[in-house]
Amino acid sequence: MFGWIATTENLSNMDAACIENTQLSKIGKYTFIMNNNRRFPKDVVFLETEKYFYLIDGVVLNRVELEEEYGCEFKDVVQKLYAEGGDLLPGSLRGCFTGCVLDKESEELFAFTNQTADGGLFYSTDKKIFGNNFEWILHVLRAVGAEVSLDEQAVLYMCTFGYMLDSTTYAKNVKRAMPGECFKLADSLEKHYYHKFDNTKTINMTEQEYIEHIDFLYRRAIKREFDKDAEYGYTSIVDLSGGLDCRMINYVAKSMGYKNIVNVSFSQVYSDEYKAMIELSRNLGFRLFHYPLDNARHLFDVDKITKHNYGLSIYSGAGAMMSVMENLSFSYYGLEHGGIMGDMAEGIFPGGEYTEHVAPTFEEGMPICRILGFDDLDPAVIEEF
């Protein structure tokens, strides 16, 4: 099991089997446990200095750019960024990461997730525990005799949307960090946003200038991701479906000269999704690995799937992708490149004529089912978005 946690709790009663082969450091009141998958080792930091302890786990897509800008190794870049201002550290990194910095003198812990929170940072509301491994946190809580009870709000979210709308998890006293959120933990817990997406118009451009700028940003993101694979000698895994978002990533990457790509796909054979994917694959010319879903085997792997995503999103979609991934060797393949914003206007927003901000509602979300109504959902969630 991979991940990290930082805690002041006594771990003597913790099940040793769950943290086998981990890297462990005891610094002041804190114990740090880390087990990295070693796939992107240059992006990982586990460093103790005279005054601080630094931990970064994940993939930092702009690591090389930062090293060139600061003229030093990444571990030194991390120290310089934090010295210039705590929020500058996570705010300067791009990618899927979480991390923390411990001030050894004051014993204040600064913890953070990335700008979109797909790194997955969790924390206890009544114990000093932070980390990106939800299961380890539950192990610690049980080891110290803390109550771990079901949060019924999580069940409501799952039955109406199929994912968590806010910081809720299935454990009442464990929360998930929101996108761009960071924390200071000393005598009490303080949290704030170092980054937040909003609808404030900050740049005035012509329509053509907007198009060119978005194209520049999109291609820069593609370059950072695919160069990361190339840096470590990996073959890029790129999702391929009938949708516009995956299509954009594939065609833009191809136009930029990236060729060491394997497309992965899953669908029922002869469905419209399958037919569109096959036509795109024929045109792109990349290698293709397709997993047929006709026998619905992935729908029976509930326990295996929820163990990996902690039950925080509907298992069926994750199960389809997991059916593909468990057949690939990750000593050979790099990042999985999936579409996120390619079909935003046509997909999750209200119609192709979307130009201005439309106030969010629960009903206009993407509910998996409507076993339960929306009446009991907290309107504060809407205000947050």
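Visitor: How many aromatic pairs does a search of the whole structure find?

Guide: The search finds 24 aromatic pairs, where rings of Phe, Tyr and Trp (its six-membered ring) pair if their centres lie within 6.5 Å, with planes under 30 degrees apart counted as stacked, over 60 as edge-to-face and the rest as tilted. This is a predicted model, where local features need pLDDT of at least 70 and side-chain atom pairs count only at pLDDT 80 or more, while totals for chains, interfaces and linings use all residues. Residues are numbered from 1 along each chain as its sequence is written, and side-chain values use heavy atoms, with hydrogens and water left out.

Visitor: Nice. Why is the pair of Phe32 and Phe53 tilted?

Guide: The two ring planes of Phe32 and Phe53 lie at 35°, with centres 4.3 Å apart, so this pair counts as tilted. Phe32 sits in strand β3 (residues 30-35) and Phe53 in strand β5 (residues 52-60), so to speak distant parts of the chain, 21 residues apart. Helices (H or I, at least four residues) and strands (E, at least two) are DSSP runs, numbered from the N terminus.

Visitor: And is Phe32 buried or exposed?

Guide: Phe32 is buried, at a relative accessible area of 0%. Phe53 is buried too, at 1%. Here buried means under 20% relative accessible area, exposed over 50%, and partly exposed in between (1.4 Å probe, protein chains only).

Visitor: What kind of aromatic pair do Tyr270 and Tyr274 form?

Guide: Tyr270 and Tyr274 are edge-to-face, with 75° between the planes and 5.9 Å from centre to centre. Tyr270 counts as exposed at 65% relative accessibility, whereas Tyr274 counts as buried at 19%.

Visitor: Where is Tyr270 found?

Guide: Tyr270 is in the loop between β14 (261-267) and α8 (272-284). Its backbone stands out: Tyr270 has a positive phi of about 75° although it is not a glycine. Most residues other than glycine have a negative phi. Ala296 also has a positive phi, near 55°, and lies in the loop between β15 (287-292) and α9.

Visitor: Back to rings: which residues do ring pairs link into a cluster?

Guide: The cluster takes in Tyr52, Tyr54, Tyr82, Phe97, Phe110 and Phe112.

Visitor: What about charges? Which ring does the charged end of Arg39 sit over?

Guide: Arg39 has its charged end over the ring of Tyr234, 5.3 Å from the ring centre. Lys42 does likewise over Tyr232, at 5.9 Å from the centre. A charge sits over a ring if NZ of Lys or CZ of Arg is within 6 Å of the ring centre and within 35 degrees of the ring normal.

Visitor: Switching to helices, at roughly what angle do the axes of α9 and α10 cross?

Guide: Helix α9 (residues 302-309) and helix α10 (residues 315-325) have axes that cross at roughly 95° and come within 10 Å. The axes are lines fitted to C-alpha atoms, for helices over the stretch in contact, and angles run from 0 to 180 degrees between N-to-C directions. The two helices are therefore roughly perpendicular; angles under 35 degrees count as roughly parallel, over 145 as roughly antiparallel, 65 to 115 as roughly perpendicular and the rest as oblique.

Visitor: Which residues in α9 and α10 meet?

Guide: Val302, Lys304, Ile305, Thr306, His308 and Asn309 in α9 are in contact (heavy atoms within 4.5 Å) with Tyr315, Ala318, Gly319 and Met322 in α10.

Visitor: And where is Ile261?

Guide: Ile261 is in strand β14 and is buried, with a relative accessible area of 1%. Among the residues that Ile261 touches are Phe226, Val238, Ala253 and Phe286, leaving out those up to four places away in sequence. From C-alpha to C-alpha, Ile261 and Gly334 are 9.9 Å apart in space, though 73 residues apart in sequence.

Visitor: One more: which helix does Ala154 lie in?

Guide: Ala154 belongs to helix α5 (residues 152-160) and counts as buried at 0% relative accessibility. Not counting residues up to four places away in sequence, Ala154 touches Met164, Thr168, Thr169 and Tyr170.
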